[in-house]
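Please look through the structure shown here. The dialogue takes its features in turn, with the general idea ahead of each case.

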Amino acid sequence: MSTPFEHLGVLYAGPEQLVGAILPTLDAALDDGRSVITVVDRRTTAVLREALDDRAPRVAFRAPSELLRPGPERLVAEVRTRTPRSGDGPVVVGQYQGFTTEEDAAFWEAAATLVLDDQRLTLLCACARGADPAVVEVARQAHGTLLTTGGRIPNPAARTPADRSPTPSSMWGRRVLRLTFRGPADLARVRERVARAAGTAGLGVDRTAAAVLAVHEAALFVCGGRESADECTLEMRESDRAVLTELTGPGPTRHDRDPAPLRYVELFSDAATLGERAGRPAVRVLSTAGPAASVD
Amino acid sequence: MAPSTLLDRPRVHTLVVSESERQLRAGISRWIDDELTVGAKVLYTGWLDPGGTVERHWIAGPAGPQGARRALGTGQLEFVDIEAVIEETRGGADALLELQLGGVHAALDDGWDRIAMSAESAHRPMVEGEGDQVRRHESGLTDLVADAPVTILCQLAVGEEKDAAIRASVGVHHRDLVDDSWSAGEVDGAWLVAGELDAHVARRFAAGLRGALADDASRGGDPELHVDLGRVEFMDVTCVRMVALAARSLEGSPGARLVLHRPSRLVRRLVDAVGRPPTLLVAGEDTR
């Protein structure tokens, strides 16, 4: 059985404590033939190389400046390309850097869930306890499990991603569409605008059709499937051959709550999440031009 | 009128459905102008305001057909007060058909070789049994267009009718209907659907689908409805669920099935995701 997506946090006082926490996981991964990628600072790299000894050459040590600037998007892309189609994916160690802002950290953690949680990999996110308190708080809240020198421990302070990331959507690229709607009667207009924007973003015919369907189902969810006195909003942002659409609205009524409300949205998108924005349900739908099992 | 022109053949008994009175009137106006242009005698049944006259009806105004005023004057366009019809026929299908047949024969006797008929939404209360009257009446009209040079355009203003009336009307007109975003008709033995099918029109789509199923069942033998989705540009979960539900309703009849033709890849994935009952087949995958 292949490894599901694992996303753990590591809070450490210094490089030695960090290496002490992650080393057993890296050793186990190397024993299993999995690849290991680290994106950590020079001092941590040096301590890690020494600890790994003759296994160090099997690890890909990448510089933070290479994969974490200007933001973590390059690391996300690197991880996706290194994840094989079958078998276990890599173990990735990412480290919050001195240049990491609270906003960057929140975006990274939201992106990791949004973009990578269908990947068979283990992601370890390391944050120094002495970093900016706001950044440490992001790291503390982002991970349901923490990795320590004593092993894995549950983290009761963890929160669901959308609660902690009010603005990361703004980092997905330029806004290409913003509109409001009130219910199903407006959705033909919504679909037309979404199709135009997604097509312009370079998604291609099939992916655009899938994106339109996914956003349509998300729109139906946020308006509760009925005409609403409250306006629902849709905002679409475009980056390199990808669009992220965020929709908010009053949501479904209490007695028609569905335990898996986004299953059709997920089926036709690369990723979808449900969170909250200003007390209202907020759905994010990521659609890309890349391969996705749901359409191809 | 609706954006989709589904069928590449003359439309002889069509239901036009619209949620917008303005859009509906625009479509009716175009249709009347077309019929007047080809020399048809147009019989239009509509509602007058209390104490009103046809000159004050929208059909004779700026929103109406361009040729309406002249045609009303020459008699090529004849307005029939719907209230008078209801009073005379008491809503009975047979009486209404007889009245309409009388109008057609009178026009033919006057030398018209083509007759076009249209009636505004009847605002039916849809009491018990009235659905049967609707079906009888529309069935009679279908027989009429088969035997005489008559074109019929029935109107359904969604905002003015009860849900039951909408379902009944759409169901009986499944062979040729034009809605705001979708249309349907019977072509080469299949129910051909076109346009965009989403949650907003799902109930009407379901009514049309049930009408097609009922029609198929009425021919005897195991119901086998073929639905051609080749011109469907968009279909959402709600409408796919309607198809699955309709297929499930056949499960009590051995041999009964609903066969989908030419669904897009996306629709096929959606059908599989929603769940396919054994009575729902996709042509080419499940059928020989």
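Q: On what conventions does the reading rest?

A: This is a predicted model, in which local features need pLDDT of at least 70 and side-chain atom pairs count only at pLDDT 80 or more, while totals for chains, interfaces and linings use all residues. Residues are numbered from 1 along each chain as its sequence is written, chains are lettered from A and ligands numbered from 1 in the order in which they are written, and side-chain values use heavy atoms, with hydrogens and water left out.

Q: How many helices and strands does chain B have?

A: Helices (H or I, at least four residues) and strands (E, at least two) are DSSP runs, numbered from the N terminus. Chain B has nine helices and eleven strands. Buried residues (under 20% relative accessible area; exposed is over 50%, partly exposed in between, with a 1.4 Å probe and protein chains only) make up 52% of the 288 residues in chain B.

Q: What is the strand order of the open sheet in chain B?

A: Two strands pair if DSSP finds at least two bridges between them. In chain B the order is 3-2-4-5-1-6-7-8-9-10-11, an open sheet of eleven strands with mixed pairing. Strand 3 (77–81) and strand 11 (280–282) of chain B stand at the edges; each has a single partner strand, so one side of each lacks a neighbour in the sheet. From one strand to the next the twist averages 20°, where axes are lines fitted to C-alpha atoms, for helices over the stretch in contact, and angles run from 0 to 180 degrees between N-to-C directions.

Q: In which sense do strand 8 and strand 9 of chain B pair?

A: Strand 8 (residues 190–197) and strand 9 (residues 224–235) of chain B are parallel, with six bridges. One bridge partner to locate is F234(B) in strand 9 of chain B, which pairs with E196(B). Helix 8 (residues 237–248) of chain B packs on the sheet, touching strand 8, strand 9, strand 10 (257–261) and strand 11 of chain B, and makes about 145° with the direction of strand 10 of chain B. Contact here means heavy atoms within 4.5 Å.

Q: Which residues cover the two faces of strand 3 of chain A?

A: In a regular strand the side chains alternate between the two faces of the sheet. In strand 3 (residues 59–62) of chain A, V59(A) and F61(A) lie on one side and A60(A) and R62(A) on the other, and all are buried. Strand 2 (residues 36–39) of chain A runs parallel to strand 3 of chain A, joined by four bridges, and V39(A) has R62(A) as its bridge partner. The chain passes from strand 2 of chain A through helix 2 (residues 42–52) of chain A to strand 3 of chain A in a right-handed β-α-β crossover; right-handed means that, with the strands pointing away from the viewer, the path from the first strand over the helix to the second runs clockwise.

Q: How many residues does each chain bring to the contact?

A: Chain B supplies 16 residues and chain A supplies 20 residues. Buried area is the accessible area (1.4 Å probe) that two parts lose on being put together, summed over both. Between chain B and chain A it is about 1,400 Å², with 61% from carbon and sulfur atoms. F234(B), L266(B) and R269(B) lose the most area on the chain B side, together 36% of what that side buries.

Q: Where are salt bridges found across the interface and within the chains?

A: Side chains of opposite charge can pair when their charged atoms come close. The rule asks for a side-chain nitrogen of Lys or Arg within 4 Å of a carboxyl oxygen of Asp or Glu. Three such salt bridges cross the interface of chain B and chain A; for D198(B) and R191(A), the closest N and O atoms are 2.8 Å apart. Within chain B, K41(B) and E78(B) form a salt bridge at 3.0 Å between the closest N and O atoms. K41(B) lies in strand 2 (residues 41–46) and E78(B) in strand 3 of chain B, 37 residues apart. K41(B) is buried at 7% relative accessible area, whereas E78(B) is partly exposed at 36%.
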